Amino acid sequence: MTIDCPACGWVNADGGTECARCHLSTGLFASVLDAVGDANADPHYVRVVSEMLAAVDDGSGGAASETGPGPARLAHPLRFPAIEAPRPEGTPVEPISGLDSLPALPALPPGGGFEVYRHQVDEYLQLARRQGIDLAEFADRAKQAIFVQDRESLEVLSRELFVFLASSLGEEFDAVCSRRNDLAAFVPTATPDAELDACRKSLLMGDLAGAQRRLNRVSEALGELEEHWETVQILLTEADLLAETIRELRGDPTPALGPLEEGRRLAQEGRREEAEPLLARATHALWSVLNPLFSRELQRTKEVLLRARSEGADVTGAVVIMRELASSLRHRNFALGVMTFRRLRQSVDAFATGPSVEPALIVPPPTAAAEPAPADPAPADTGVENAPPSPAG
């Protein structure tokens, strides 16, 4: 008897502990199928959120928003500002560092005269315009020096322009390296790497114009890669986010990590069409592990909100977030759902630490039960000495 892996489709012999191809635990096969579910029906986890929402929602705050992403839409990692996109462990690609030394001032012909410096200053000003840098002050100085044929002023101006532009291009080089490193954690970057190496050499030799041309080519190459691999990058970021959340809730994502690592390996080898569907199912596998932990935390959330509302607290904000959560999960946008879930936890924590919630829901202070009761305003054995004298006395 055989069984098909719900993540990668591999036909496995019955009785194994994991998929022979993607290493998904066989104990999660049924849960992954349930997570994928029927696109026209709400899966179990959506019904759980809906039931909890019904218990807490008193109808205030308006209707639930249905403007979230649809079933086939994915959200870019940059749309999740609450956390930084997780960096996968064991990434085999070495990061490219920025400049570790200053560019060298280019050598001029022996006895460089007025025209040599004039040509160099003009070249630097054109390069600055291509960079979008406003050098009006430098341009005015250049015009004045050229008008009076002042070679020494042009030489000083040339050096200042070089330092200014080298600094600007160095900063851009560092930014492009950072952009490449982020992308290299997901996909191969051989072409941009070669251009960055050539660009570094141009900068260090003082060839600013050559460095600028190569930086433009690197940016274009990275843009094409980002567009081509966007879905893979999104899926990897979502899967890493789910794994991180499982650990935060004291769970173990290991049984579901196989499809994620296999999809990551395929992406690093440049096999995008194979990686995408596997990574999509990897998010379902990780969600099947997160789901019971998620439900447990939602149960705690419901109890805190019900208690807070019964004591007169306004829980409208938390209810609105819970509606957003239900909408995200209904559309199977797990990453957005997790981010909304984190916002919900922060909102609920505010009630859990507020004065309106019973301390037993948090941790009662050790001396809370031992505090003395307020003194009687008119005890029999106190306050007599300090009492004002009676008119009759």
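A residue is called buried when its relative accessible area is under 20%, exposed when it is over 50%, and partly exposed in between (1.4 Å probe, protein chains only). Keep that in mind for the whole tour.

**Before you start**

This is a predicted model: local features need pLDDT of at least 70, side-chain atom pairs count only at pLDDT 80 or more, and totals for chains, interfaces and linings use all residues. Residues are numbered from 1 along each chain as its sequence is written, and side-chain values use heavy atoms, with hydrogens and water left out.

**Stop 1: the whole chain**

Show the protein chain as a cartoon. It holds 12 helices and two strands. These are DSSP runs (helices are H or I, at least four residues; strands are E, at least two), numbered from the N terminus. Along the sequence the pattern reads β-β-α-α-α-α-α-α-α-α-α-α-α-α. Of the 393 residues, 41% are buried. A contact means heavy atoms within 4.5 Å. Among contacts with a separation of 6 or more, 73% join residues 24 or more positions apart.

**Stop 2: helix H9**

Select residues 257–268, which form H9. How far does H9 reach from its first C-alpha to its last? The 12 residues reach 17 Å, close to the 16 Å expected at 1.5 Å a residue. The expected span is 1.5 Å times one less than the number of residues.

Now colour H9 by burial. This helix is mostly covered, with 10 of its 12 residues buried. The buried ones are Leu257, Gly258, Pro259, Leu260, Glu262, Gly263, Arg264, Leu266, Ala267 and Gln268. What covers them? The cover includes helix H5 (151–184), helix H8 (230–248) and helix H10 (272–310).

Zoom in on Glu262, in H9. Glu262 counts as buried because its relative accessible area is 12%. Leaving aside neighbours within four places in sequence, Glu262 is in contact with Arg21, Cys22 and Leu278. Draw a line from the C-alpha of Glu262 to that of Ala275: the two are 13 residues apart along the chain and separated by 8.0 Å.

Step just past the end of H9. There Gly270 takes a positive phi of about 85°.

**Stop 3**

Two packed helices are described by the angle between their axes and the distance between the axes. Axes here are lines fitted to C-alpha atoms, for helices over the stretch in contact, and angles run from 0 to 180 degrees between N-to-C directions.

Show H8 and H9 together. Their axes come within 11 Å and cross at roughly 150°. H8 is therefore roughly antiparallel to H9. The cut-offs are under 35 degrees for roughly parallel, over 145 for roughly antiparallel, 65 to 115 for roughly perpendicular, and oblique for the rest.

Which residues of H8 and H9 meet? From H8 come Val232, Leu236, Ala239, Asp240, Ala243 and Arg247; from H9 come Leu257, Leu260, Arg264 and Ala267. By class, this contact has seven nonpolar, no polar and three charged residues. Ala, Val, Leu, Ile, Met, Phe, Trp, Tyr, Cys and Pro count as nonpolar, Asp, Glu, Lys and Arg as charged, and the others, Gly among them, as polar.

Next, select Arg250 in the loop between H8 and H9. Is Arg250 buried or exposed? Arg250 is exposed, because its relative accessible area is 71%. Its phi is positive, about 65°, although Arg250 is not a glycine.

**Stop 4: helix H7 and its neighbours**

Select H7, residues 208–228. Its 21 residues should span 30 Å at 1.5 Å a residue, and its end C-alpha atoms are 30 Å apart, which agrees. Buried residues of H7 include Leu208, Gly210, Leu215, Val218 and Leu225. The buried residues of H7 pack against H3, H5 and helix H6 (190–204).

Tyr124, Leu127, Arg130 and Gln131 in H3 meet Leu208, Ala209 and Gln212 in H7. This contact has four nonpolar, two polar and one charged residues.

Turn to Ser202 in helix H6. At 4% relative accessibility, Ser202 counts as buried. Not counting residues up to four places away in sequence, Ser202 touches Asp207, Gly210, Ala211 and Arg214.

**Last stop: Gln149**

Select Gln149, in the loop between helix H4 (136–147) and H5. Its phi is near 55°, a positive value in a residue other than glycine.
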